[in-house]
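Here is a short walk through one model. Keep the structure open while you read.

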Amino acid sequence: MSEFNLPLFMKVKPDAVKELKENLNLYFPDVAGKKILILTTEGLLQGLDKKVTALLSQLDEYEVVSVEASSYDYAVSVAKKISMEGIRMIIGFGGGTALDTAKYSAFVANVPYIAVPTALSNDGVCSPVSVLFSKGSRTHAFTSKTPDGLLIDTEIIIKSPRLLMEAGVGDIISNYTALYDWELECRMHHGRLNDFAYLLSERALNALLYSNIKSFVSQEGINMLAQSLVLSGISMQVAGSSRPCNGSDHLFCHALDQMFDHGLPHGIVVGIGTIGAAWLQKRDYRMLVDFLKEYGININPKRRGITEVMFVRAWMFAREVGKDRYTILDNLEMMPRRMKEELFRELYAVMCKL
């Protein structure tokens, strides 16, 4: 039987940061009066000074450090600092750069980790994975830990860039194609699904997909997005891998990241990859497009700055990025290269009309 850890608390509400101390006293009373490390990014604390004051006023001894680089080497150096200086807990305050670094450092140093996200741009907020730069400009997904607690302050989230929240929605819809790829792999390799992880991933998708609230400016809309992203993260923890939320959709994204400097958030590219993957799977992708349009999210690759050359090359390379997992792309391997290129050009033309 596999073991997994779930967050001990999750608060999604206005002024959630004010509930830090009471939750630490309840779940981690041994850290009272002990040193806590807060990882953030340069300039973020100044822009959220009132929230930062509310957070820090609840701590006895702490040190604030701005993440120098979202890299494996830097995260390990932070873990060394934690161990050498007797730090008892780490709090990540910020976006993916701060949270992934804090998450991995806490994992290596074996101390509790609390996440205070300032944006909801992907399901990494509660996943057991940290995406860090490892070789030059290339990132790698490292096994990490889920947060021991989450404080999602909706007053902070609602002021975050709209593009990042669009990315959060884009990341969630990938569960649609990732679950299909996971089932396909199990059929082809006689594997076995983790039913509970599958259920959580599917629930995360459907909760957002069939909600009557599709808003980035309401408390209810933020709550729904936060809950879906957290459920996705937990589904990966339960499965012991990213399979419930990561298939050919993400392989397209990783390939594009490696080949081109596009500047788009992860979830936006994943959303584009999801529509493409659903088309390749010969499934209903227009339902997803209609859903995205309700949010006002444009999934047309050309309008997002992804040219036909970029699009086709990324799909052609996508399988090489994820040889360790079977997806719909493996079903195309017997197809001659020229035919595959034509197929992906056709897909690009279809998506540019959406």
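Is Glu333 buried, partly exposed or exposed? Glu333 is partly exposed, at a relative accessible area of 32%. Buried means under 20% relative accessible area, exposed over 50%, and partly exposed in between (1.4 Å probe, protein chains only).

This is a predicted model: local features need pLDDT of at least 70, side-chain atom pairs count only at pLDDT 80 or more, and totals for chains, interfaces and linings use all residues. Residues are numbered from 1 along each chain as its sequence is written, and side-chain values use heavy atoms, with hydrogens and water left out.

Glu333 pairs with Arg319 in a salt bridge, with 3.6 Å between the closest N and O atoms. A salt bridge here is a side-chain nitrogen of Lys or Arg within 4 Å of a carboxyl oxygen of Asp or Glu. Glu333 lies in the loop between α13 (308–321) and α14 (337–351), while Arg319 sits in helix α13. Helices (H or I, at least four residues) and strands (E, at least two) are DSSP runs, numbered from the N terminus. Arg319 is partly exposed too, at 24%. Shared partners join Arg319, Glu320, Lys323, Asp330, Glu333 and Lys340 into one salt-bridge network.

The whole structure holds 22 salt bridges. One of them joins Asp15 and Lys51 at 2.7 Å, N to O. Asp15 is in the loop between β1 (9–13) and α1 (20–27), and Lys51 is in helix α3 (residues 49–56), 36 residues apart. Asp15 is partly exposed at 27%. Lys51 counts as buried because its relative accessibility is 12%.
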